[in-house]
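Here's a walk through the model you have open. Keep the viewer handy and follow along from helix to core to sheets.

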2 protein chains.
Amino acid sequence: MRKWFLVAAGALLIAPGGLWLITSAQAPVGAALKPAAQFTNDQLMRPENYREWIFVGCPVTPNDMNNGHAAFPEFHDVYIDRTAYEEYARTGTFPEGTVFVKELVSVGAKQAASGKGYFPGKIGGIAAAVKDSKRFGGDRNGWGYFNFGEAKTASVMGAADCNACHKQNAAEDMVFTQYYPVLGAAKAEPKAMPPEKTEKGTTSRGYTY
Amino acid sequence: MRKWFLVAAGALLIAPGGLWLITSAQAPVGAALKPAAQFTNDQLMRPENYREWIFVGCPVTPNDMNNGHAAFPEFHDVYIDRTAYEEYARTGTFPEGTVFVKELVSVGAKQAASGKGYFPGKIGGIAAAVKDSKRFGGDRNGWGYFNFGEAKTASVMGAADCNACHKQNAAEDMVFTQYYPVLGAAKAEPKAMPPEKTEKGTTSRGYTY
């Protein structure tokens, strides 16, 4: 039992600098995580801790540039779950189970010490996208879209409400990667991440735990 | 040895859903991390993996709203290191060693399927702020500011170049928390984070590993 236990956990070393968990290259950390998308009776449960995922980009569609009523007011803080990020960086594709969260934030100011512009104000509701080809086949093209606002659960939106526009306008697999430069950098970056990174308390993507 | 080893690591359980590492409430994960700020000969080394830290907010000062030349063009994607985030959420103050990274991103488009606005383009250089009251005393008010651009190391900027403006305009301890709503939410959130969160493969702040 103990031997198996240690093999499963990889190796734990006590180094002078502290405690490191070294994960084996064959067992990506993602495999040990609870999937980011959790459903109950076909309702997506509000993702937890998404602010601790990976931020990918922040378009802003201010009300004052959209006749007072932006479709998605106003900042769109977009996050991808960490497992999907790691997988996307490695393979260049979004794995099944990928979750994006878009958190809407109002514009709080248009002038600050750093100049004129748009400055975040108050956090609003969230929306989410989940890649699940079995659940969201046909004209949903593999993705389900959910508008939570402040709710704890959400039903999938109609294909005409979200999927059609994503299909027509998003650069890559229904995702607006053209506005998420962090994802482009992640795909390009593995070359610059030497394998020994995995031997210093980090995963293959360099997460430090 | 084995017993001590297990005590140090907390408890590892193999659950049906996967492998969980349970960290003890007495030993915050932060204590095991390499400090986010690493100096060599008084030069700050370019922070690694800051995109895997916590995103706090994204002001945008577009060139076209600043006579063609914003002081910090254009999106400011701001991150805080994870240890400092956890500590700030718990205590409401930025601990010694706190690091912020500001990554500049150009505006790539002003019109998209979601409306008119500002949409991220290309990633530019980074700047960083480090709280270290011993290194940055006097009129630096406890913080050092560093402009890396694309460089691997950076010298601290003069107090008149950065600190004076932060001191005069930032809402909280030299930090522009008024534009970083995620930090406000983190301070308010611990009440909503029941202690049992720490028993499901998460740290006290709910990081899932």
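Contact here means heavy atoms within 4.5 Å, and helices (H or I, at least four residues) and strands (E, at least two) are DSSP runs, numbered from the N terminus. This is a predicted model, where local features need pLDDT of at least 70, side-chain atom pairs count only at pLDDT 80 or more, and totals for chains, interfaces and linings use all residues. Residues are numbered from 1 along each chain as its sequence is written, chains are lettered from A and ligands numbered from 1 in the order in which they are written, and side-chain values use heavy atoms, with hydrogens and water left out.

Start with helix H3 of chain A, residues 159-169. Its buried residues pack against strand S9 (143-149) of chain A. Which residues of H3(A) are buried? They are A:Ala159, A:Cys162, A:Asn163 and A:His166, where buried means under 20% relative accessible area, exposed over 50% and partly exposed in between (1.4 Å probe, protein chains only). Looking down the axis of H3(A), these residues fall within an arc of 115°, so they line one face of the helix; the arc is taken over the directions from the helix axis to the C-beta atoms. Turned away from that buried side are the exposed A:Ala160, A:Asp161 and A:Gln168.

Now for the core. A nonpolar core is a set of buried Ala, Val, Leu, Ile, Met, Phe, Trp, Tyr and Cys residues joined through side-chain atoms within 4.5 Å. The largest one has 91 residues, and those with the most contacts inside it include A:Phe100 and B:Phe100. Leaving out residues up to four places away in sequence, A:Phe100 touches, among others, A:Val56, A:Ile80, A:Trp143 and A:Leu183.

Over in chain B, five strands make an open antiparallel sheet in the order S5-S6-S7-S8-S9; two strands pair if DSSP finds at least two bridges between them. Strand S5 (54-57) and strand S9 (143-149) of chain B are at the edges, each pairing on one side only. Neighbouring strands of this sheet are turned by 35° against each other on average, direction ignored. Strand S8 (residues 115-131) of chain B is joined to S9(B) by 6 bridges, and B:Ala128 stands opposite B:Phe146 in S9(B).

Helix H4 (residues 181-188) of chain B packs on this sheet, touching S5, S6 and S7 of chain B, with its direction making about 115° with that of S5(B). Helix H4 (residues 181-188) of chain A lies across S6, S7 and S8 of chain B, at about 60° to S8(B). For these angles, axes are lines fitted to C-alpha atoms, for helices over the stretch in contact, and the angles run from 0 to 180 degrees between N-to-C directions.
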